Amino acid sequence: MPKIRRLLCCILIISQLFAITTFAEPPAWPSDTGIMAESGAVIDVDSGTLIYGQNCINNAYPPASITKLLTALIVLENCELDEVVTFSDTAMLSVEADSGNKLSLVAGDQLSVEDCLYALLLQSANESANALAEHVAGSVEAFAELMNARAAALGCQDSHFSNPSGLNDPNHYTSAYAMALIGRAALNNET
């Protein structure tokens, strides 16, 4: 029996010496795949390679609350989670009437950066976006400048941000591809 085992092991080792590596073409993206949006882009988070694009991925559209991904990224790059954010009158009142006070806060209330980020990303709290912007840059306008600089550094060519929350503004727009780049950077941020 030991001789048979040795013989089989030798055959296995010899067969591995003559193994041929083959490279197959990856399967095509399914033709019936689509999204319910005017355009869309999917990129590989590790390499940044475009995997899927629907319609013109560089057309600019109002991004609405997906803007908050870039806001969170900039906050995480500039703050510690335990810093204290104070909600100003401007932060509380510079929101659209129907967006509401999702946190039930008043001017002067304070939360940690971490709690503000949870409110920003999980509750889509516009007042949290404003308060974080003021905390990082001193004003919403100065924060918008940081947003545009960061977006440009990420390669976003079809974007301009005017506020940290995504509230309607004719000068607030981005493309599906740019949002994929921003999403990639956010996902690659360990925090």
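In which helix does Leu122 lie? Leu122 lies in helix α4. The points below start from the overall fold and return to that helix.

1. **Model and fold.** This is a predicted model. The chain has 7 helices and 6 strands. Their order along the sequence is α-β-β-β-α-β-α-β-α-α-α-β-α. The chain holds 191 residues, and 35% of them count as buried.

2. **The largest pocket.** Its volume is about 250 Å³. The lining of the largest pocket consists of 14 residues. Nearest the centre of the pocket lie Ala72, Leu76, Leu117, Leu121 and Thr191. By type, the lining has 11 nonpolar residues, 2 polar and 1 charged.

3. **Helices around the pocket.** Which helix gives the most to the lining of the largest pocket? That is α4, with 5 residues. At least two lining residues come from each of α2 (67–78), α4 (113–122) and α7 (176–187).

4. Tyr118, Leu121 and Leu122 make a nonpolar surface patch of about 350 Å². Leu122 has a relative accessible area of 67%, so it counts as exposed. The cut-off for exposed is over 50%.

5. **The salt bridge.** How many salt bridges does the count come to? The count is 1. The partners are Arg150 and Glu77, and their closest N and O atoms are 2.7 Å apart. Arg150 belongs to helix α6 (residues 140–153) and Glu77 to helix α2, so the pair ties together parts that are 73 residues apart in sequence. Is Arg150 buried, partly exposed or exposed? Arg150 counts as partly exposed, because its relative accessibility is 24%. Glu77 also counts as partly exposed, at 37%.

6. **Tyr177 and Asn59.** Tyr177 sits in helix α7. With 23% relative accessibility, Tyr177 is partly exposed. Its sequence distance from Asn59 is 118 residues. In space, the C-alpha atoms of Tyr177 and Asn59 are 8.7 Å apart.

7. **The loop between α3 and β5.** Ala107 is found in the loop between α3 (89–93) and β5 (110–112). Its relative accessible area is 35%, so Ala107 is partly exposed.

8. **Positive phi values.** Most residues other than glycine have a negative phi. Two residues deserve a look here. Ser104 has a phi near 55 degrees, a positive value in a residue other than glycine. Ala64 likewise has a positive phi, near 55 degrees. Where is the place of Ala64? Ala64 is in the loop between β3 (60–61) and α2. Ala64 counts as partly exposed, because its relative accessibility is 40%.

9. **Back to α4.** Helix α2 supplies at least two residues of the pocket lining, and Glu77 of helix α2 pairs with Arg150 of helix α6.

How values were computed
Residues are numbered from 1 along each chain as its sequence is written. This is a predicted model: local features need pLDDT of at least 70, side-chain atom pairs count only at pLDDT 80 or more; totals for chains, interfaces and linings use all residues. Side-chain values use heavy atoms; hydrogens and water are left out. On a 1 Å grid over the protein atoms alone, a cavity is a set of points where a 1.4 Å probe fits but cannot get out, and a pocket is an open set with protein on both sides within 12 Å along at least five of seven lines; lining residues have an atom within 4 Å of a point. Grid points are joined across faces, edges and corners, and a volume is the space filled by probe spheres set on the points. Helices (H or I, at least four residues) and strands (E, at least two) are DSSP runs, numbered from the N terminus. Ala, Val, Leu, Ile, Met, Phe, Trp, Tyr, Cys and Pro count as nonpolar, Asp, Glu, Lys and Arg as charged, and the others, Gly among them, as polar. Patches are made of residues with over 30% relative accessible area and no salt bridge: like charges are joined within 9 Å, nonpolar side chains (Val, Leu, Ile, Met, Phe, Trp, Tyr) within 5 Å. Accessible areas come from the Shrake-Rupley method with a 1.4 Å probe; for residues, only the protein chains shown count as cover. A salt bridge is a side-chain nitrogen of Lys or Arg within 4 Å of a carboxyl oxygen of Asp or Glu. Buried means under 20% relative accessible area, exposed over 50%, partly exposed in between (1.4 Å probe, protein chains only).
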